[in-house]
Amino acid sequence: MSLEQIAEVAKTHPENRMAKHFDVEYYNSLETDAKKAQLLLCCKSGAENADSGMGLYAMAPGDYDDFKPYFDKVIRDYHS
């Protein structure tokens with residue numbers, strides 16, 4: 001899974017919230033490669049299933065805190 005794949009999903013499936021709200025600047029601001037990899041793991045389902053309406057899933061409870069700015073946007077969009 002790659003940033004390019006997420007960008008393609010954003011173009012072809014604008015209703016996919018994972019791709020819609022993915023921010024490369026936010027991704028690049030993450031402190032470590034491990035954090036970047038964990039975020040991409042959370043995005044994997046949405047990238048592989050482009051027709052998903054959500055597409056972003058925490059892999060561990062701490063993901064909600066570790067990636068709060070991103071999860072917050074996606075969750076708020078889902079519930080609006």
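Biologist: Why is Glu48 called partly exposed?

Modeller: Glu48 has a relative accessible area of 49%. Buried means under 20% and exposed over 50%, with partly exposed in between (1.4 Å probe, protein chains only), so Glu48 is partly exposed. Before we go on, this is a predicted model, in which local features need pLDDT of at least 70, side-chain atom pairs count only at pLDDT 80 or more, and totals for chains, interfaces and linings use all residues. Residues are numbered from 1 along each chain as its sequence is written, and side-chain values use heavy atoms, with hydrogens and water left out.

Biologist: What makes Glu48 and Lys44 a salt bridge?

Modeller: Their closest N and O atoms are 3.7 Å apart. The rule asks for a side-chain nitrogen of Lys or Arg within 4 Å of a carboxyl oxygen of Asp or Glu, so the pair of Glu48 and Lys44 qualifies. The two residues are 4 apart in helix α4, which means that about one helical turn separates them. Helices are DSSP runs (H or I, at least four residues; strands are E, at least two), numbered from the N terminus. Lys44, at 37% relative accessibility, is partly exposed as well.

Biologist: Which residues do salt bridges with shared partners join into one network?

Modeller: Arg17, Lys20 and Asp77. By the rule above, the count comes to 5 salt bridges.

Biologist: How do you know that Arg17 forms a salt bridge with Asp77?

Modeller: The closest N and O atoms of Arg17 and Asp77 are 3.7 Å apart, which means the pair falls within the 4 Å limit. It links distant parts of the chain, since Arg17 is in helix α2 and Asp77 in helix α6, 60 residues apart. Arg17 has 19% relative accessibility and therefore counts as buried. Asp77, with a relative accessible area of 15%, is buried too.

Biologist: What is the N to O distance in the salt bridge of Asp77 and Lys20?

Modeller: These side chains meet at 3.1 Å. Lys20 lies in helix α2 and Asp77 in helix α6, so this pair ties together parts that are 57 residues apart in sequence. Lys20 is partly exposed, at a relative accessible area of 47%. Leaving aside neighbours within four places in sequence, Asp77 is in contact (heavy atoms within 4.5 Å) with Arg17, Lys20 and His21.

Biologist: How many aromatic pairs are there, and why is the pair of Phe22 and Tyr70 called edge-to-face?

Modeller: A search of the whole structure finds 4 aromatic pairs. For Phe22 and Tyr70, the ring centres are 5.8 Å apart and the planes stand at 90°. Rings of Phe, Tyr and Trp (its six-membered ring) pair if their centres lie within 6.5 Å; planes under 30 degrees apart are stacked, over 60 edge-to-face and the rest tilted. The Phe22 and Tyr70 rings are therefore an edge-to-face pair. This pair also links distant parts of the chain, with Phe22 in the loop between α2 (17-21) and α3 (24-29) and Tyr70 in helix α6 (residues 68-78), 48 residues apart.

Biologist: Are Phe22 and Tyr70 buried or exposed?

Modeller: Buried: Phe22 has a relative accessible area of 13% and Tyr70 one of 3%. Together with Tyr27, Tyr64 and Phe71, they form one aromatic cluster.

Biologist: What makes you say that the charged end of Lys36 sits over the ring of Tyr27?

Modeller: That charged end is 5.6 Å from the ring centre. The definition wants NZ of Lys or CZ of Arg within 6 Å of the centre and within 35 degrees of the ring normal.

Biologist: And which residues form a nonpolar patch on the surface?

Modeller: Leu41, Tyr57 and Met59, with about 270 Å² of accessible area together (Shrake-Rupley method, 1.4 Å probe, only the protein chains shown counting as cover). Patch members have over 30% relative accessible area and no salt bridge; like charges are joined within 9 Å, nonpolar side chains (Val, Leu, Ile, Met, Phe, Trp, Tyr) within 5 Å. Tyr57, in the loop between α4 (33-48) and α5 (63-66), has 36% and is partly exposed.

Biologist: Why is Tyr78 called partly exposed?

Modeller: Tyr78 has a relative accessible area of 44%, so it is partly exposed. Tyr78 is found in helix α6 and, leaving aside neighbours within four places in sequence, is in contact with Arg17 and Met54.
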